[in-house]
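Work through the exercises below with the structure in view. Each task is followed by a solution in steps.

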Amino acid sequence: MKRVLFVIFLLVLFGACNPKQTKVRNAIDSKEKELMEQAKKGNIDSVALNGLLKDYEGYAEKYPDDTVGAVYLFKAADFYRYLHKPLRSVELYKKIYENYPTVTKRPYALFLQGFIYENEAGNIHAAKALYEKFLKEYPGHPMVKDVQTTLANLGKSPEELIAEFERRAQQDSLLNAQK
């Protein structure tokens with residue numbers, strides 16, 4: 001009986017380890033490291049960056065059950081923001097949100113969609129809907145107060161925000177003076 005259990009254990013162990021998958025991850029990680037070294041020198045090869053982005057997205061597509069795919073998609077989304085392609089970033093954050101329900105960064109994928117729509121794509125309506133969805137789905141999340149504040153100030157100009165801040169500061173000082 002012990003031998004049977006040991007054989008089953010080995011089959012499960014080796015079945016969970018996909019050597020091809022590990023090889024692909026190692027290749028991606030190597031490309032990423034090389035690109036980061038280039039970035040430190042102030043010179044990023046756009047061809048290499050585009051190749052890495054394709055690798056990130058390809059890995060997530062080819063191995064949808066591996067949560068490393070979500071990590072790669074987050075990295076790709078960040079690069080697309082750097083490349084001033086905010087809507088591509090939103091697509092990837094949406095993919096993370098929809099396809100990786102167990103990853104800890106899932107709430108951030110939802111929040112970042114709203115943030116990009118608000119600040120980079122100028123779509124306040126989409127941002128509002130995503131922020132509201134965040135509050136509904138993650139009422140206990142540490143970012144709830146930040147999202148509530150963002151919603152309260154959504155669409156206000158910097159001048160309006162400054163005037164509001166000054167008004168509140170003046171009210172606070174009057175209240176403190178009365179105490």
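**Exercise 1. Salt bridges**

Task: State how many salt bridges a search of the whole structure finds, and describe the one that Lys31 forms.

Solution. A salt bridge here is a side-chain nitrogen of Lys or Arg within 4 Å of a carboxyl oxygen of Asp or Glu. The search of the whole structure gives 10 salt bridges. Lys31 pairs with Asp55, and their closest N and O atoms are 2.5 Å apart. Lys31 belongs to helix α2 and Asp55 to helix α3 (residues 46-62), so the pair ties together parts that are 24 residues apart in sequence. Helices are DSSP runs (H or I, at least four residues), numbered from the N terminus.

This is a predicted model, in which local features need pLDDT of at least 70, side-chain atom pairs count only at pLDDT 80 or more, and totals for chains, interfaces and linings use all residues. Residues are numbered from 1 along each chain as its sequence is written, and side-chain values use heavy atoms, with hydrogens and water left out.

**Exercise 2. Packing of α2 on α3**

Task: Find how α2 and α3 pack, and which residues meet.

Solution. Axes are lines fitted to C-alpha atoms over the stretch in contact, with angles from 0 to 180 degrees between N-to-C directions. The axes of α2 and α3 are 10 Å apart, at an angle of about 155 degrees. That makes α2 roughly antiparallel to α3 (over 145 degrees). Contact means heavy atoms within 4.5 Å. On the α2 side the contact residues include Val24, Ile28, Lys31 and Leu35; on the α3 side they include Leu49, Leu52, Asp55 and Tyr59. By class, the contact has eight nonpolar, one polar and six charged residues.

**Exercise 3. Two partners of α4**

Task: Determine how α4 is oriented to α2 and to α5.

Solution. The axes of α2 (residues 19-40) and α4 (residues 68-82) come within 13 Å and cross at roughly 25 degrees. That makes α2 roughly parallel to α4 (under 35 degrees). Among the residues that meet are Ile28, Leu35 and Met36 in α2, and Val68, Tyr72 and Phe79 in α4. This contact divides into six nonpolar, no polar and four charged residues.

For α4 and α5 (residues 86-99), the axes come within 8 Å and cross at roughly 165 degrees. That makes α4 roughly antiparallel to α5. The contact includes Leu73, Phe74 and Ala77 of α4 and Leu92, Tyr93 and Ile96 of α5. Its residues divide into nine nonpolar, one polar and four charged.

**Exercise 4. Confidence**

Task: Locate the stretch where pLDDT stays under 50.

Solution. pLDDT is the predictor's confidence in each residue, from 0 to 100. The chain has a mean pLDDT of 88, and 91% of its residues reach 70 or more. Over residues 4-15, pLDDT stays under 50, and the model has zero contacts there beyond four places in sequence. Where pLDDT is low, the predicted coordinates should not be read in detail.

Notes: Helix = DSSP H or I, 4+ residues; strand = E, 2+ residues; numbered from the N terminus. Parallel < 35°, antiparallel > 145°, perpendicular 65-115°, else oblique. Nonpolar A, V, L, I, M, F, W, Y, C, P; charged D, E, K, R; others polar.
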